[in-house]
Amino acid sequence: MRAGRVIAPAQEDEQAAAMERPRILIYHTHTWEAYEMEEGATYEPTETWRTRDETQNMVRVGQALAQELRLLGFDVVQDTTAFEPPNISDAYNRSLEMIESRLAAGEHYDYILDIHRDAYSGLFNGANGVTLEGTTMAYVMLLVGKGTGATGSGFDERPDWPQNLKLAQAITDAMNAIVPGISREVKVKTGRFNQHVSTHALLIEVGNNRNMLREALAACPVIAQAIADVHAAGEIP
């Protein structure tokens with residue numbers, strides 16, 4: 001008879017604690033999005049403001065956010081798959097396949113977060129971030145999709161977007177309570193953004209292409225603390 005693996009009591013306690021921690025999946029549909037280059041943060045572009053260099057694209061931002069969330073007691077899985085190639089136009093199809101595969105395999109997540117960066121807009125009058133005690137943090141914006149499509153036909157399976165919006169608004173309010181003005185208003189769009197998989201699925205824009213990577217990274221502790229505050233409040237179904 002084959003002997004089973006013996007798990008020491010301390011290991012059992014660690015495994016039980018891990019199972020009790022809220023779980024978060026972080027991924028990046030537009031994996032190669034990147035920021036303005038500066039000394040010490042240069043990269044080889046795939047095109048303007050995009051790179052496959054994971055130390056400079058959205059994977060790096062996801063790593064920073066995951067680290068902050070883990071420090072706050074979350075169990076975080078980061079999927080670093082590059083979903084943009086071969087064609088960015090159907091990247092959401094590939095990232096959805098990844099999510100559905102994980103869920104079908106029995107993985108459970110309390111929150112599913114697609115981390116992006118925004119495109120700079122001339123509407124961002126003035127500063128391109130919030131400066132606190134000498135540190136500039138990129139603006140953050142949460143995006144919620146209705147799944148209705150631009151023409152109103154949209155997807156057959158749509159998000160329960162008012163619930164996603166409720167969570168997005170709570171996290172936005174929590175961020176602004178920590179650092180006033182760091183988060184822009186929640187944007188509601190006609191796309192779906194894979195948010196039909198969960199009412200706790202969100203798209204988070206961390207800065208824009210005119211920010212520096214360091215400014216996006218500086219915003220991650222605020223995002224993580226806001227998620228932790230909202231989760232602890234237990235007011236989101």
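Student: Where is P86 found in this structure?
Tutor: In this predicted model, P86 is found in the loop between strand 4 and helix 3.

Student: What makes the peptide bond from P85 to P86 cis?
Tutor: Look at omega: for the bond from P85 to P86 it is near 5°. As a rule, most peptide bonds are trans.

Student: Why is T29 called buried?
Tutor: Buried means under 20% relative accessible area. T29 has 0%, so T29 counts as buried. You'll find T29 in the loop between strand 1 and strand 2 (45–47).

Student: Which residues is T29 in contact with, leaving aside its neighbours within four places in sequence?
Tutor: Among them are F83, A91, Y92, H116 and N194. T29 and A91 are 62 residues apart in sequence, yet 6.0 Å apart in space, C-alpha to C-alpha.

Student: What joins the side chains of T29 and D114?
Tutor: A polar contact of 2.7 Å. The cut-off for such a pair of N or O atoms is within 3.5 Å, so 2.7 Å meets it.

Student: Why is the pair of Y92 and F193 called edge-to-face?
Tutor: A search of the whole structure finds 1 aromatic pair, and Y92 and F193 form it, at 5.7 Å centre to centre with 70° between the planes. Centres must lie within 6.5 Å, and planes over 60 degrees apart count as edge-to-face.

Student: Is N194 buried or exposed?
Tutor: Buried, at a relative accessible area of 4%. N194 lies in the loop between strand 9 and strand 10, and its phi is near 65°, a positive value in a residue other than glycine.

Student: Why is W49 called partly exposed?
Tutor: Its relative accessible area is 25%. Buried needs under 20% and exposed needs over 50%, so W49 falls in between. W49 also has a positive phi, about 60°, although it is not a glycine. Most residues other than glycine have a negative phi.

Student: How do you know that R184 lies over the face of Y139?
Tutor: R184 is at 4.2 Å from the ring centre of Y139.

Methods: Residues numbered from 1 in each chain as written. Predicted model: local features only at pLDDT ≥ 70, side-chain atom pairs only at ≥ 80, totals over all residues. Heavy atoms only, no water. Phe/Tyr/Trp six-rings, centres within 6.5 Å; stacked < 30°, edge-to-face > 60°. Lys NZ or Arg CZ within 6 Å of the ring centre and 35° of its normal. Helix = DSSP H or I, 4+ residues; strand = E, 2+ residues; numbered from the N terminus. Buried < 20%, exposed > 50% of the residue type's maximum accessible area, 1.4 Å probe, protein only. Contact = heavy atoms within 4.5 Å. Polar contact = N/O pair within 3.5 Å; in protein donor to acceptor, adjacent residues only side chain to side chain.
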